[in-house]
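Please look over the sequence and the structure before reading on.

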Amino acid sequence: MALLPILCYPDPKLHKVAKPVVAVDARIQSLVRDMLETMYEAKGIGLAATQIDVHERVIVMDVSEDRDQPLVLINPELVWTSPTRHINEEGCLSVPGIYDGVERFDAVHVTALDDRGQSRTIEAEELLAVCIQHEMDHLMGKVFVEYLSPLKRNRIKTKMIKAKREEER
Ligand code: K1U
Ligand code: ZN
C-alpha cells in the first residue's frame, strides 16, 4: 500500500473530468487500497481519484464513527435525488483549513460498481449523501469552493497560494 500526495486547490489538475473505469482489475483494486490508506491517514471522510491526480471515476468514503466501514464507488451515477435540499458545512482535503456551507440534496440514490466489480445501489442520506455529492463533483472537476461567491473563492485561492509559497520556503 502507498500514501499518495493530495492535489491542493487551485491546482488546475483538480478541474480535469474523470473517465469511466473500463475494468475493475488488479490495478484499480490497488488504487482503491492506496486511496483508502491516504483518506484514513488524512483523516478525511472521502477521497476522489481526481484529488490524487488519477482521472478515473473512483471514490472511497467512510463516514462511520469508528472508521471501519469503507465504501468504494466505481463509475458512480446519480439515479435519484430528493426534492429537498439543505445547506451543510463542508471541508475538503484539497482545500485544507477551509469550511463553508454548500447546498446539497438531502438524499440521493447512486448506482456504482464495488471493488470486486459488482453492481450495487446505495441509498444515502445525511453526511453520506453530502459526501457522495462532494466526491462526485470532484470527478467532474468541481471543487466545493466553486459554489461560494467569487469574493470568498478569490480570498481562498490567495490564501492557498500563499500557504504553498510558505511551505516551499
Ligand atoms: O473530498 C474530500 O476532500 C474529503 C472531504 C469530504 C467531505 C467532508 C465534509 C463534507 C463533504 C465532504 C473531507 O473529508 S474534509 C475533512 C473532514 O473529515 C470533514 C470536514 C467537515 C465535516 C466532516 C468531515
Ligand atoms: Zn474535496
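Two residues are said to be in contact when heavy atoms of theirs lie within 4.5 Å. The model shown here is a predicted one, and with that in mind we can begin with A124, which, leaving aside its neighbours within four places in sequence, is in contact with D106, A107, V108, A129 and I132.

A124 also belongs to the largest nonpolar core, a set of 17 residues in which M61, L73, A124, L128 and I132 touch the most other members. Two or more residues of this core come from each of the strands β2 (58-61), β3 (71-81), β6 (107-113) and β7 (119-125), and also from the helix α2, which gives the most, with 6 residues. In soluble globular proteins, nonpolar side chains tend to be buried together.

Helix α2 (residues 126-139) also carries H134 and H138, and because these two residues are 4 apart in the helix, about one helical turn separates them. Both take part in the zinc site, where the zinc ion (ligand 2) is coordinated by C92 (SG), H134 (NE2) and H138 (NE2), at 2.0 to 2.3 Å. Along the sequence, the spacing of these donor residues is C-x41-H-x3-H.

| Residue | Relative accessible area | Class |
|---|---|---|
| H134 | 8% | buried |
| H138 | 0% | buried |

H134 counts as buried because its value of 8% is under the 20% cut-off, and H138, at 0%, is buried as well.

Methods:
Residues are numbered from 1 along each chain as its sequence is written. Chains are lettered from A and ligands numbered from 1 in the order in which they are written. This is a predicted model: local features need pLDDT of at least 70, side-chain atom pairs count only at pLDDT 80 or more; totals for chains, interfaces and linings use all residues. Side-chain values use heavy atoms; hydrogens and water are left out. Donors are N, O and S atoms within 2.8 Å of the metal (3.2 Å for Na, K and Ca); water is not among the atoms, so sites may look incomplete. Buried means under 20% relative accessible area, exposed over 50%, partly exposed in between (1.4 Å probe, protein chains only). A nonpolar core is a set of buried Ala, Val, Leu, Ile, Met, Phe, Trp, Tyr and Cys residues joined through side-chain atoms within 4.5 Å.
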